[in-house]
Amino acid sequence: MNIQPGNRYNSKRKSSGKVKVSFGHQISTMATVLCFAALIGMVMVVHTNLNQRISDTKKEIHKEETDKRQMEDELQLKRNKIEELSSWEHVSRKIVEYKLNLHPSQPGQTSKMKLRSGARSEYLFASWLRSRQKLPGMTAKR
Amino acid sequence: MIPCNLENGIKIRSIIIFSLLLIIALLLAVRFFYIQVLCHDHYLEKARNIYITSKETHGKRGEIFDCNGYLLVGNAPCMEISATPANIKTPELRQQTAMLMAKYLDRDYNYYYQKLSPTILRRQSDGKTVEKPNNYQMIARFAPIDTSLKLRNQLREIGINFNTVSFRDTSRRTYPKGRLMANVLGFTNIVDDDSVPQSGLEKELNPEITQKSGKLLFTRARDGEKLDYGVNFAQESQDGKNVYLTISEPIQAILEEELDQAMIDSEPTAIYAAIADPATGKILALAQRPSIDPNDRKTFTPEAIRTRIAEDAYEPGSVVKALCIGKALDWGIVTPDMHFDGENGYWKEEKISDTRKGGYGNMDVSEVIQHSSNIGTGKIAQRMGKVQLYQALKIFGCGEKTGLPFPIESSGRIRPVSKWDRYSLTRFSIGYGVLWTPLQLLRAYCGIANGGLMPQLRLIDHFEDTQTGEITTPPVAMPRRVFQNPATSAILTDMMIKVTQPGGTARRAAIPGFDVAGKTGTSHKVINGRYSYLPSTSMASFIGFVPAKSPKLVMLVTVDCPHRGHHHGGSAAGPVFSRTAKRVLQYMNVQPDKPIPAR
């Protein structure tokens with residue numbers, strides 16, 4: 001190696017010649033660079049993919065929320081319709097329209113019974129049924 | 001070897017190029033500094049205006065239910081469609097848009113084509129009319145959701161986006177039961193995109209049921225999607241509270257059906273009725289005719305729109321007799337076996353007469369009530385004296401509002417004792433010269449039916465916060481003791497049972513299988529400053545409770561100016577009471593307390 005400082009334009013200066021680097025060293029350096037590049041690339045791709053999936057999931061969530069709101073609105077409308085159809089004004093109109101010939105019951109002709117769950121209530125209900133079967137016009141025991 | 005002049009040339013060119021690059025870099029740096037630092041706030045604001053969206057969220061107005069949870073007043077989701085016609089660039093697009101709107105909405109093509117005119121004439125402050133871009137038109141305020149979504153999709157296909165035609169979620173008030181309780185429930189109007197209550201419970205309960213708007217502030221992407229970063233502010237909207245009334249829809253429907261029949265039978269100017277539970281004061285039904293259909297604004301006439309049952313006060317006539325006689329019994333001023341001379345039907349001193357010519361002869365107290373004798377009642381009132389009669393009427397709530405949630409409620413009227421004249425004693429005791437509202441009378445009779453304890457009338461059972469589930473019950477005042485003697489109520493009830501039995505004034509109010517205790521009232525209206533005795537200008541009332549010994553309901557029926565058929569309380573209002581109470585008792589599963597006579 002020529003360590004003497006000199007005029008670089010000195011024609012007498014001789015070239016020291018190329019530094020010889022081994023092929024393996026070159027390969028390993030390239031491989032390292034490529035690995036790092038690949039790693040960086042992979043991280044970028046994964047990051048991009050994750051972001052895309054997050055974005056897609058958010059879109060799906062938004063769509064589901066919109067669908068949920070629409071379903072709630074439909075349920076609300078259906079509920080309102082049920083209330084309208086079950087109003088006595090509507091029912092009585094239909095009774096007349098279809099000539100159902102319904103009439104109110106006589107006092108004592110109907111009775112109601114509220115059952116709680118359990119064996120005792122089943123016994124009571126069976127007794128009530130039996131009493132109804134004996135005398136059809138008889139009211140249920142109070 | 002490079003010649004010297006060439007070397008200098010390279011140097012000079014290098015310096016020039018370097019200087020140029022340096023100048024460009026400096027200029028860029030200055031520009032960046034100017035944009036990024038000096039104009040930072042300006043451009044940040046500009047970017048925010050583009051990427052930050054402000055959105056108002058609306059809660060839902062509270063709904064009104066009956067005591068069983070049946071919906072009386074609700075919200076129907078719908079869509080509001082508005083347009084910016086100035087953004088429609090071509091006439092063909094305008095035609096296509098109008099055609100699609102006519103296909104899915106309820107108006108015709110020409111209407112929408114006019115609405116989508118790109119310019120609009122506006123009058124300026126100087127009076128000149130100029131043509132300006134049409135930036136806003138309301139297309140449909142309450143369009144159904146399904147057709148709106150179809151329209152939106154079709155518009156998108158032809159290139160019309162939200163900048164040109166926008167769709168906003170909204171809701172409108174709906175009354176699924178139609179006319180049921182319409183006057184009491186009230187209605188709303190749309191003023192500046194808000195539901196503004198106009199009458200009834202909608203107005204009176206507005207502070208509780210009105211919703212609060214919220215605000216969303218967020219950064220959005222180019223496609224409008226909300227981003228997680230950036231500005232993110234949310235103030236949640238709040239739904240109004242739901243209201244549960246004490247009204248029972250089936251009982252209300254029965255009452256309204258019978259009032260419709262009464263309108264045909266008697267052809268009155270108006271008729272109103274109310275049913276209450278005497279033990280709790282809960283109003284089970286409240287109805288009047290004429291009425292309105294809040295879903296059809298054509299039914300909104302001045303006569304039909306008022307809540308007469310709360311607003312109207314009138315001279316009720318003989319229904320007041322039971323209250324005065326009841327207090328006289330309670331104070332021991334009279335006893336049941338006391339007798340009063342019927343003055344042969346005309347009491348000359350007080351200038352009052354009974355309805356039957358020749359009078360009712362010598363009557364005991366129960367016969368005074370049974371025959372609704374003005375003379376007998378007047379004599380009992382004389383024994384009471386002015387002060388005690390005044391106290392008796394006041395204790396039953398005369399001149400005192402019931403406190404029910406109506407925007408307008410009359411308090412009735414009774415003159416102070418100092419302003420009573422010679423005949424006030426005998427007139428006030430028979431229901432003339434004092435003004436009562438139907439609700440006050442109902443409350444008073446609840447006091448008789450409830451063993452002498454007059455409950456506070458209630459229409460609201462509870463409020464429900466839809467978001468937290470919290471239930472709030474309005475405070476209820478303690479019942480007022482109207483009879484000091486516990487036996488008075490039972491004695492008076494026995495007397496009132498005779499009113500609906502043979503010999504009484506309200507035989508047509510009787511119900512087979514039940515003892516009905518009640519009192520009729522027929523009063524005449526003042527027309528042009530004088531009492532008119534025409535049958536068609538009377539107020540015919542019946543108020544009673546059944547079953548008499550353990551009352552499940554108290555009902556008042558008042559027929560205002562019946563133009564057809566009978567005009568007395570027993571014959572005009574009594575049958576309405578009988579038919580309604582019979583059906584309501586069956587619905588409530590109240591068994592008859594005596595054998596039903598065979599037909």
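Analyst: A residue counts as exposed when its relative accessible area is over 50%, and as buried when that area is under 20%. The model here is predicted.

User: Why is Lys99(A) called exposed?

Analyst: Its relative accessibility is 71%. The cut-off for exposed is over 50%. Lys99(A) therefore counts as exposed.

User: Where is Lys99(A), and what is its phi?

Analyst: Lys99(A) sits in the loop between α2 (88-97) and α3 (119-134) of chain A. Its phi is near 50°, a positive value in a residue other than glycine.

User: Is Val96(A) buried or exposed, and how do you know?

Analyst: Val96(A) has 64% relative accessibility. Exposed means over 50%, so Val96(A) is exposed. This residue belongs to helix α2 of chain A. Its C-alpha atom is separated by 70 Å from that of His47(A), 49 residues apart along the chain.

User: Which residues of α2(A) are buried, and what do they pack against?

Analyst: His90(A), Ser92(A) and Ile95(A) are the buried ones. They pack against α1 (23-85) of chain A together with α9 (249-266) of chain B.

User: What makes up chain A, and how much of it is buried?

Analyst: Chain A has three helices and zero strands. Along the sequence it reads α-α-α. Of its 142 residues, 9% are buried.

User: Why is Ser372(B) called buried?

Analyst: The relative accessible area of Ser372(B) is 10%. Buried means under 20%, so Ser372(B) is buried. It lies in the loop between α13 and α14 (374-384) of chain B.

User: Is Asp515(B) buried or exposed, and what does it touch?

Analyst: At 18% relative accessibility, Asp515(B) falls under the 20% limit, so it counts as buried. Asp515(B) lies in the loop between α18 (486-497) and β23 of chain B. Leaving out residues up to four places away in sequence, it touches Ile497(B), Gln501(B), Phe545(B), Val546(B), Pro547(B), Ala548(B), Asp593(B) and Lys594(B).

User: What kind of peptide bond joins Val546(B) and Pro547(B), and how do you know?

Analyst: Omega there is about -10°, and the bond is cis. Pro547(B) is in the loop between β26 (538-546) and β27 (553-562) of chain B. The peptide bond from Arg289(B) to Pro290(B) is cis as well, with omega near 0°. Pro290(B) lies in the loop between β14 (283-289) and α10 (302-305) of chain B.

User: Which residues touch the most other members of the largest nonpolar core?

Analyst: Leu245(B), Leu286(B), Leu393(B) and Trp436(B) do, in a core of 118 residues. Helix α17(B) gives the largest share, eight residues. Another core lies apart from this one; it has 22 residues, including Ile81(B), Leu93(B), Tyr104(B) and Leu149(B).

User: What does Leu393(B) contact?

Analyst: Neighbours within four places in sequence are left aside. Leu393(B) is then in contact with Val320(B), Cys324(B), Cys398(B), Ile414(B), Phe428(B), Val434(B) and Trp436(B).

User: How many residues line the second largest pocket, and which are closest to its centre?

Analyst: The pocket holds about 1100 Å³ of space. It is lined by 39 residues, and the closest to its centre are Thr355(B), Asn374(B), Tyr432(B), Thr522(B) and His524(B).

User: Which element gives the most to the lining of the second largest pocket?

Analyst: β23(B) does, with five residues. Elements that each supply at least two include α13 (365-371) and α19 (569-587) of chain B. By class, the lining has nine nonpolar, 21 polar and nine charged residues.

User: What is the confidence in chain B, and where is it lowest and highest?

Analyst: Mean pLDDT for chain B is 90, and 98% of its residues reach 70 or more. Within chain B, confidence is lowest in strand β11 (residues 232-235), at a mean of 79. It is highest in helix α17 (residues 438-449), at 97. For the complex, the predictor gives an ipTM of 0.79 and a pTM of 0.82.

Notes
Residues numbered from 1 in each chain as written. Chains lettered and ligands numbered in written order. Predicted model: local features only at pLDDT ≥ 70, side-chain atom pairs only at ≥ 80, totals over all residues. Heavy atoms only, no water. pLDDT = per-residue confidence, 0-100. Helix = DSSP H or I, 4+ residues; strand = E, 2+ residues; numbered from the N terminus. 1 Å grid on protein atoms, 1.4 Å probe; cavity = no way out; pocket = protein on both sides within 12 Å on 5 of 7 lines; lining within 4 Å. Points joined across faces, edges and corners; volume = space filled by probe spheres on them. Nonpolar A, V, L, I, M, F, W, Y, C, P; charged D, E, K, R; others polar. Buried < 20%, exposed > 50% of the residue type's maximum accessible area, 1.4 Å probe, protein only. Core = buried A, V, L, I, M, F, W, Y, C linked by side-chain atoms within 4.5 Å. Contact = heavy atoms within 4.5 Å.
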